[in-house]
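Please look over the sequence and the structure before reading on.

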Amino acid sequence: MSDQCKTKNGIQIECIQGDITKQPDLDAVVNAANAQLMSGGGVAGAIHRAAGPELARACEPLAPIRPGQAVITEGFGLPNAHIIHCLGPVYGVDEPSDALLADCYRNGVQLAEKQGLSSIGFPAMSTGAFGYPMEPAARIAFSTLLAEAASLFSVKRIRFVLFSNRDAELHQRVLAEVVDGAG
Ligand code: AR6
């Protein structure tokens, strides 16, 4: 397996296999939300189940959100103080999908920065129900976050939490390519 972790411009980016709802050492985790910020399948379902019904009540006044937008709530029953809810693009429907996916990562990490948080965990946004192919999505995620690194002073650690070993290994490979300049 390639390196799980890379540091660039003082920001550590790591890719692990795991569950986004079980990352107690992070200040915030990102929800792969729907526009209404309600429970659903995949990450949104897992986050709402773990956070409990207070989360849906906190989300109601913030909805709807647009593709690429990010909003923040408390973590409620999650082990994290905050949840950042981002709406990814539906692949091939919300266009331009690549720019909207980049907006998700940029707006998500900048919201964490604005709140003075130091660590944030992302799932692979849009790669489940929304159908974005995993490898180009990973490339967009890492190149966007590395481009933001120069404007991050509070955020020091970004963790990608991938559901399968296969997806974790793909992200580790793409991260190495993007950081080392081959991507
Ligand atoms: N932890 C980490 N990764 C996960 C988890 C988990 N607990 N569960 C799934 N994944 P998705 P999207 C992976 O569908 O494509 C929802 O129904 C999964 O394997 O959660 O942005 C919402 O309500 C995939 O690689 O998000 C929206 O309507 C990735 O997380 C819609 O789906 C994203 O899968 C959002 O679709």
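Axes are lines fitted to C-alpha atoms, for helices over the stretch in contact, and angles run from 0 to 180 degrees between N-to-C directions. Helices (H or I, at least four residues) and strands (E, at least two) are DSSP runs, numbered from the N terminus. The model is a predicted one, in which local features need pLDDT of at least 70 and side-chain atom pairs count only at pLDDT 80 or more, while totals for chains, interfaces and linings use all residues. Residues are numbered from 1 along each chain as its sequence is written, and side-chain values use heavy atoms, with hydrogens and water left out.

| Helix pair | Axis separation | Angle |
|---|---|---|
| helix 3 (residues 97–114) and helix 4 | 9 Å apart | about 45° |
| helix 4 (residues 134–148) and helix 5 (residues 165–179) | within 9 Å | roughly 45° |

Helix 4 is therefore oblique to helix 5, a term for angles that are not under 35 degrees (roughly parallel), over 145 (roughly antiparallel) or 65 to 115 (roughly perpendicular). Helix 3 and helix 4 are likewise oblique to each other. The crossing of helix 3 and helix 4 is right-handed, meaning that the near helix is turned clockwise from the far one by less than a right angle, and helix 4 also passes helix 5 in a right-handed crossing.

In the contact (heavy atoms within 4.5 Å) between helix 3 and helix 4, Leu101, Tyr105 and Val109 are among the residues of helix 3, and Ile140, Ala141 and Leu145 are among those of helix 4. By class, this contact has eight nonpolar, two polar and three charged residues. Towards helix 5, helix 4 uses residues including Met134, Phe142 and Leu146, which meet a set including Leu170, Val174 and Val178.

Phe142 also belongs to a cluster, linked by ring pairs, with Tyr105, Phe122 and Phe160; rings of Phe, Tyr and Trp (its six-membered ring) pair if their centres lie within 6.5 Å. The structure holds five aromatic pairs.

Seven strands form an open sheet of mixed pairing in the order 1-2-7-6-3-5-4, where two strands pair if DSSP finds at least two bridges between them. Its edge strands, each pairing on one side only, are strand 1 (5–8) and strand 4 (70–74). Strand 4 pairs with strand 5 (residues 82–86) in the antiparallel sense over five bridges, and Ile72 stands opposite Ile84 in strand 5. Helix 1 (residues 42–51) packs on the sheet, where it touches strand 3 (28–32) and strand 5, and its direction makes about 130° with that of strand 3.

Key: Phe/Tyr/Trp six-rings, centres within 6.5 Å; stacked < 30°, edge-to-face > 60°. Nonpolar A, V, L, I, M, F, W, Y, C, P; charged D, E, K, R; others polar.
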